[in-house]
Amino acid sequence: MGAIDHSIRDRNGKLAFYVLLWRRRGISLALFDDYWKNVHGPVCARLPGQEQYWQFHLDRGEGGLLPDIPGVDVDCPEEARFDGIAELSFATEEDRATWFKAAAILMDDEHNLFRKAIGYTTSAGNSRTFVDCIEDGAPNGAVGVVKLHVMLRKAPRIDVPAFRAFLTERLAPAMAGSERVLKLRLHLFEEVDSSRPDAPGVVHREAPDEQYQAAFEVAFGTRLDMEAFFASDAFARIAAELGRHVSRMRPFLERTAHTFVHGGRMTTSGQRGAMVAELIEGIGAVNQLEDDVVDLMLTGRLGGSAGEWR
């Protein structure tokens, strides 16, 4: 970890598809994790158009992570607790449309994992990393920091432009400017498209009063850093404004993060699954990363152009 800001590495992912995922009943959390990162993830990684694709495996938002904020509901009822977030970023609207068209192949796999999948989109420039001092931008496992994914619902009397202005001009700069905050990434969501039909056994629609208008990802070096930040005068000043703009904040603690596409190319996790990538890294098997091995594993022949599809 260092003081170098790596936020520039996200600059090509100008817009996003951000999906909240509820685990299917009847499967264990361990099986959910394994299948999502080792089976579903590599299939998704092979679809065209992606700039970045992360899976965030989460604790289920049982509370206690945020201080009390006047006027802001920080509780999370059981039915609102999801198990993961899939975040995909794209360089252009055309790239995202290309991915959506190809993603029909994923629908048949959804029912193996999920009972509910609520997708949010952002327009160009509305998914932005303000600061990122975490050295590894393509993690595969525990990141070694304390990271929260916080869902936001705007206050009823505030219109969308004012809500977004508060987040981008006041909240995000105040948080990113703290030396205790290692990463701050903000998403400003469009309305959920409720016209997308449910997949067999998987709900794609969300009640209007349960939809979010934004989310941010924030990381701290330790729990002490997190608690000190929330107890700071800097946060107290911004918290005094929160209740006028935000009605609900629901934080989810990240357990692990897995990267399947980065910089427009599949990672080793995207090519082979997160578990195999972890084994390759753990034993230091450099030969497994050579082009001829990658080509063989992905195409069944030597000398292909594996990992490229744009």
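Modeller: His245 counts as buried, at 13% relative accessibility. Buried means under 20% relative accessible area, exposed over 50%, and partly exposed in between, using a 1.4 Å probe and protein chains only. This is a predicted model: local features need pLDDT of at least 70, side-chain atom pairs count only at pLDDT 80 or more, and totals for chains, interfaces and linings use all residues. Residues are numbered from 1 along each chain as its sequence is written, and side-chain values use heavy atoms, with hydrogens and water left out.

Colleague: In which helix is His245 found?

Modeller: His245 belongs to helix α6, residues 233-245. Helices (H or I, at least four residues) and strands (E, at least two) are DSSP runs, numbered from the N terminus.

Colleague: And what does His245 touch?

Modeller: Leaving out residues up to four places away in sequence, His245 touches Lys154, Ala155, Ile158, Ala162, Phe163 and Phe166. Contact means heavy atoms within 4.5 Å.

Colleague: Let us change topic. Is Ile85 buried or exposed?

Modeller: Ile85 is buried, with 0% relative accessibility. Its place is in strand β3, residues 84-90.

Colleague: How far apart are Ile85 and Tyr18?

Modeller: In sequence, Ile85 and Tyr18 are 67 residues apart, and in space they are 7.0 Å apart, C-alpha to C-alpha. Beyond four places in sequence, the residues that Ile85 touches include Tyr18, Trp36, Trp54 and His149.

Colleague: What about Glu281: buried or exposed?

Modeller: Glu281 is exposed, with a relative accessible area of 63%. Glu281 lies in helix α8, residues 274-283.
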